[in-house]
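Q: I have a model open and want to get my bearings. Can you walk me through it?
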Amino acid sequence: MEVVYDIPLIGWLIQFVVYVIEVMPIIAPTIIGAATPIALGALCGFMNERSGVVNIGIEGMMLTAAFVAWWTASLTAQLLPGGEPWLFGMTPALLIGLVAALVAAMLVSLVHAWLSITVRADQIISGTIINIFAVGITGYLNLLVSRSAPPSAGQFTRWNPPEVLADIPVIGWLLDALLSQGPIGLGLLVAVIVMQVMLFRSRWGLRTRAVGEHPEAAETVGIDVVALRYRNVILGGVFAGLAGAYLTIEFGNSFQGEMTNGRGFIALAALIFGRWTPLGAFGAAILFTASEGIQRAVRFGPPEGALGDFLASVPPQFYSAVPYLVTIIILAGVVGRSLAPAAVGKPYTREKRERRRPEEPAEPATAATEG
Amino acid sequence: MTKDPVTREELHEEQPPQAAVPEQEPRGAARARVLLRQVLLPASAIVLSLVVGAVIMIASSPLVRGDIDLSLPLTAYWALLNGSLGSFNAIVSTLVQATPLILAGLAVGIGFKAGLFNIGAQGQFLMGALAAATMGVATADLPPLIAIPVALAAGMAAGLAYGFIPGFLKAYTGAHEVVTTIMLNYVAIQLVAYVISGPLRGANVTFARTEAITSAALPVIAGRDGHIGLLFAAVAVPIMAWMLFRSTLGFEIRTVGANPDAARYAGMHPRLLIILALSLGGLLAGLAGATEILGQVRHMPAAYATAVGFDAIAVALLGRAHPVGILFAGLLFGAMRAGAGLMQIQAGIPVQMVNVLQAVILFFLAADLIVRAIFRLRAAGVGVDEMQTITRSYGEQTAK
């Protein structure tokens, strides 16, 4: 092996791959833990953008949900103390906090849906408003609430998969890392698979794709574009809510101002990198956080020889910047183009009958839906 | 509805090119009426945001005062006003806060005029600040007359370069500027963290920051901290207004923004104009960063916490992308930032209330139908809703 590593460049590459494979079982739990909120945020973006609504407000939705989950759980814990922890360390307080976070994120999504679908305001502006508002209101309330130093309601605990799983050769460590998670982390795995199947195999998926690619055509076959967009955007809020709640009642148990720290934007990047599919976005989230995971591994146990010296000399900030740089490169079409749904960002105006040009034959299907 | 008004959406569809040339400036009384309408809508949005802010303050007053306090908003807004306009130093402080907002607001605004959403003002601001800090530290031994222009030029050049990247990608690969600029913002944060905590870290500092900027620091000309950089904003606004509305370049930029196809038929070069608009925006945002570092902070920390680039989006939207509108919007937001400290001290209202107010103003501008319904304003004339749909699509193909 040492001989192979001495080949210039290719040797380094091989050694690097071997090194990553060696450390992966150790850093996998960290990577998956960090990837969960990003993948959930990306699912929120997926629900929006597949139906033709741009959402750059994922960050704000997550932040709002994170605060609401933590605060509600804390308030409930003060009112309903005790309670025997149930599966996953679930207490009434945590459960109510989770529900409150979902409701809050859905309400914010409703505002986004109203602005971008009904008002037909610019969707990027709508997202910007959500982001600014979320930073403001959560920072404002957090400072006020923190004056009385409210107790934390704790957090969900992880599931311990049976030993048998971890003992499976080759993929045992992966299964163990994927399944050693709390309810939200496990929920993500289910959601990714369900959404992926639904998108390409269900009636809802077909309709959503139609509305995202060509709403006018969708309308002519009787799909209610506005209703479907509303439903998808609001349901997307559920995922943003889960992402926020994950930060304050599963991964951690406290809230700090602006704690989402750009995760909502990385989620957007993951969505683009994953070509607007749930499975792709999940993979992208893993890939993005792997860059940070490898940085940590290099810090604690760098590979031997020149490669180790090189990796250790790369500034840690570079690893953090990798996801963003990769997204720009992908978007520029340098390595495989990633194309957005065609109608994304365009407000939909239902065609008015009077406006139809005379040479166009009247579509019976449209007449039926409008009547 | 007898005759369909030509909506903006239609302008973007396959229309004869002449339909999309920017509208002529109306004259005399008609012009005054349009101006009034353009001012009324933002003004109403501001009033409504203060009402919403008051409701939030009253609702949260048990947390602030321990009991429902109906007078809390009055106390808070009075402190906000005092802190921003109450004394000479307060006014200077408002101007100091407003300067980077106006410069960066112009950066976002010129993008809007060209039909581009430049979310990257934050990254361009940071790069400008970083370059200015680098040169500011490097020129410590030179006289200010040389050091200041060098540092400022470095800031502008860095901003320009950082604006050029999304412009080039947009023009030649079709990569949407919203996504690339967001990504570049985060790359800039990491780059700043690396440079300041690595090669540029000062010798005798406890936390990662550069040496103090001495020779290149902008001289104070008014009050406690009114540095000469205030003049940059004052100069940039008329220059940009002239450039956009009186020069051929401005006409071409506005035409590309209104209808790229029409611009191409008329013999303009949309690709070059897109690159130019974003690069010029980068230059302005870079200048804002340089001014802030050289005039206000006078060193650069590795974790330089600033939101100027994001607030600039709000400023540009409130100012309707017009340089004069951006001037007033920047002054308003600058005043809020300047007074927020006093508001926190005197009324116990956290400074983040300012963000809430800004977001609510934008909300009412975006959902202007609410404002019009409340204040019974007539629908604004052509030109006011110039920014209804900037984002036509992410997946938009390369400009030709």
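A: Start with burial. A residue is buried if 20 or more other C-beta atoms lie within 10 Å of its own, exposed if 12 or fewer, and partly exposed in between, with C-beta atoms placed from the backbone.

Q: Is Ala321(B) buried or exposed, then?
A: Ala321(B) has 24 other C-beta atoms within 10 Å, so it is buried. Its phi is positive, about 65°, although it is not a glycine. Ala321(B) sits in the loop between H13 and helix H14 (323-347) of chain B. Helices here are DSSP runs of H or I with at least four residues, strands are runs of E with at least two, and both are numbered from the N terminus.

Q: Before we go on, what should I know about the model itself?
A: It is a predicted model: local features need pLDDT of at least 70, side-chain atom pairs count only at pLDDT 80 or more, and totals for chains, interfaces and linings use all residues. Residues are numbered from 1 along each chain as its sequence is written, while chains are lettered from A and ligands numbered from 1 in the order in which they are written.

Q: OK. What is the phi of Arg298(B)?
A: Near 65°, a positive value in a residue other than glycine. Arg298(B) lies in the loop between H12 and H13 of chain B. It has 18 other C-beta atoms within 10 Å, so it is partly exposed.

Q: Zoom out. How many helices and strands does chain B have?
A: Chain B has 16 helices and two strands. Of its 400 residues, 55% are buried.

Q: And how far along the sequence do its contacts reach?
A: Take contacts in chain B between residues at least 6 apart in sequence: 78% of them join residues at least 24 apart. Two residues are in contact if their C-beta atoms, placed from the backbone, lie within 7 Å.

Q: How many residues of chain B are in contact with chain A?
A: 44 residues of chain B are in contact with 48 residues of chain A. On the chain B side, five helices each supply at least two residues: H3 (61-65), H7 (144-173), H8 (177-197), H13 (308-318) and H15 (353-366).

Q: Which one gives the most?
A: H8(B), with 10 residues. By class, the side of chain B that touches chain A has 28 nonpolar, 13 polar and three charged residues. Nonpolar means Ala, Val, Leu, Ile, Met, Phe, Trp, Tyr, Cys and Pro; charged means Asp, Glu, Lys and Arg; the others, Gly among them, are polar.

Q: What does H8(B) look like end to end?
A: H8(B) has 21 residues and reaches 29 Å from its first C-alpha to its last. That is close to the 30 Å expected at 1.5 Å a residue. The expected span is 1.5 Å times one less than the number of residues. H8(B) is mostly covered, with 18 of its 21 residues buried.

Q: New topic. At what angle do H6(B) and H12(B) pack?
A: Helix H6 (residues 121-138) and helix H12 (residues 270-297) of chain B pack at about 50°, with axes 7 Å apart. Axes are lines fitted to C-alpha atoms, for helices over the stretch in contact, and angles run from 0 to 180 degrees between N-to-C directions. H6(B) and H12(B) are therefore oblique to each other. Under 35 degrees counts as roughly parallel, over 145 as roughly antiparallel, 65 to 115 as roughly perpendicular and the rest as oblique.

Q: Which hand is that crossing?
A: Right-handed. A crossing is right-handed if the near helix is turned clockwise from the far one by less than a right angle, and left-handed if anticlockwise. The contact of H6(B) with H12(B) has 13 nonpolar, six polar and one charged residues.

Q: How covered is H6(B)?
A: Mostly: 17 of its 18 residues are buried.

Q: What about H4(B) and H14(B)?
A: The axes of helix H4 (residues 72-85) of chain B and H14(B) come within 7 Å and cross at roughly 130°. That makes H4(B) oblique to H14(B). H4(B) passes H14(B) in a right-handed crossing.

Q: Which hand is the crossing of H2(A) and H8(A)?
A: H2(A) passes H8(A) in a left-handed crossing. The contact of H2(A) with H8(A) has nine nonpolar, two polar and no charged residues.
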